[in-house]
Amino acid sequence: CSRCNLLLSPQVGHTQRVELVPGRAHAVRTLSLKPLLFEIPDFLTEEECKLIVHLAKLKGLQKSQILPTEDYEEAMEMIEISQMDIFNLLDHNQDGQLQLKEVLTHTRLGNGRWMTPENIREMYTAVKADPDGNGVLSLEEFKQLNIRDFHKYMGSQKVKMSDLVRNSQHTWLYQGEGAHQVMRAIRQRVMRLTRLPPEIVEHSEPLQVVRYDQGGHYHAHMDSGPVFPETACSHTKLVANESAPFETSCRYVTVLFYLNNVTGGGETVFPIADNRTYEEMSLIQNDIDLRDTRKNCDKGNLRVKPQQGTAVFWYNYLSDGEGWVGELDDFALHGGCLVTQGTKWIANNWINVDPNRRRQQQFQQEMERFAGSEADMAQPWELESSRRPGRVRDWCDKWWAAALCVHRGPCVTVLTLQS
């Protein structure tokens, strides 16, 4: 992956002119080096932005995250993990005590509700978990607890959309052969911007369009996740036929487009961009959670204001030093700040690459083989038509529906990253 080609400048603030549309140069400005992040004003025209919004409305949007179901408690009890294992999982610094911020980093593994320090204290009081009220649970105190009491408490809480990790609506728009000419043009523009091989970009996810109404937000998160031996990439797992208990979306590059000017709020925040170091526990200090985009966006290191037509793109992974995808870049943590007035429309193009080069190559070969076999079976009029053969389009939609369904199931917050 030609990440080195995109290292346009060794310093923040540098602007370089790049021809992304024939005969027209765009300004590409470096916003940060950790993560490697760029901004491109006027990447989309006003007409293109309006068209994308129009197509999304025609397609129909769905809630990006649903409210917890009543069977949450039963689902949690099905997870086979001992109480001691839970304590060790939460005890980040392994000091034999659970501090509030250690618990906060994992509470979203439950029903998708965004927990604050106040919420944790309320839960402790309700289940009598912290007798001395110091906000810290010792190993002995934790052993006295009935974990089911926590599950019952979480299941009994009435949750509003504003309480969830994400409050938005979204849909997916097809960009492959036969798609609307503007959708195809945008994909071609993304290829020129990222300088990645066309076959990688073409076989990545469709365009995601997202609407945040007033009060909408998305707390700080990673678009992708680390790939360990027990983890598989959603897109290549279908071809590699390898079993793995966990899946992630392996989004090497994120290209985010702002489709309108937002009246109030709605910035994209990178809480720790260009920090000297990264430490997960330092994200929560003195009850201030830098990941909380409803309360603390103003404390993030970098905020990008929505401007219609502007694109920002960044790498979610580091290089492995040999021209391929390496480790996850923790500095790519980002979120959508609270929309205080009006509506915010954005779109995302994610470029999917498996850090396992063999699996990615196998995936590409299978996609090309299938596309070739479908082309051979197509009638001449189908090849000349402006529409791609329906069976190929349907297959591609089903392919990505299967790959993305892990983000919509009831156990999404237990097993996978949300998208």
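**Exercise 1. Is the crossing of H5 and H7 left-handed or right-handed?**

Before the solution, note that this is a predicted model, in which local features need pLDDT of at least 70 and side-chain atom pairs count only at pLDDT 80 or more, while totals for chains, interfaces and linings use all residues. Residues are numbered from 1 along each chain as its sequence is written, and side-chain values use heavy atoms, with hydrogens and water left out.

*Solution.* Start by locating the two elements, helix H5 (residues 117-127) and helix H7 (residues 147-156), whose axes come within 10 Å and cross at roughly 120°. That angle makes H5 oblique to H7, since angles under 35 degrees count as roughly parallel, over 145 as roughly antiparallel, 65 to 115 as roughly perpendicular and the rest as oblique. The crossing of H5 and H7 is right-handed, a term used if the near helix is turned clockwise from the far one by less than a right angle. From H5, the contact (heavy atoms within 4.5 Å) is made by Glu-122, Met-123, Tyr-124, Ala-126 and Val-127, and from H7 by Asp-149, Phe-150, Tyr-153 and Met-154.

Helices here are DSSP runs (H or I) of at least four residues and strands are runs (E) of at least two, numbered from the N terminus.

**Exercise 2. Which side chain does a polar contact of 2.9 Å join to that of His-170?**

*Solution.* First place His-170, which is in strand S8 (residues 169-173). Next consider its accessibility: at 4%, His-170 counts as buried, where buried means under 20% relative accessible area, exposed over 50%, and partly exposed in between, with a 1.4 Å probe and protein chains only. The partner is Ser-64, whose side chain is joined to that of His-170 by the 2.9 Å polar contact. Such a contact is a pair of N or O atoms within 3.5 Å; within protein, one must be able to donate a hydrogen and the other to accept it, and residues adjacent in sequence count only if both atoms are side-chain atoms.

**Exercise 3. Is Glu-205 buried or exposed?**

*Solution.* Find Glu-205 in the loop between helix H9 (198-202) and strand S9 (207-212). Its relative accessibility is 1%, so Glu-205 counts as buried. Its side chain also has a polar contact of 2.8 Å with the side chain of Arg-251.

**Exercise 4. Where does Pro-35 lie, and which residue does a cis peptide bond join to Pro-35?**

*Solution.* Pro-35 lies in the loop between strand S2 (24-33) and strand S3 (36-40). The cis peptide bond joins Pro-35 to Lys-34, with omega about 5°.

How values were computed: Axes are lines fitted to C-alpha atoms, for helices over the stretch in contact, and angles run from 0 to 180 degrees between N-to-C directions.
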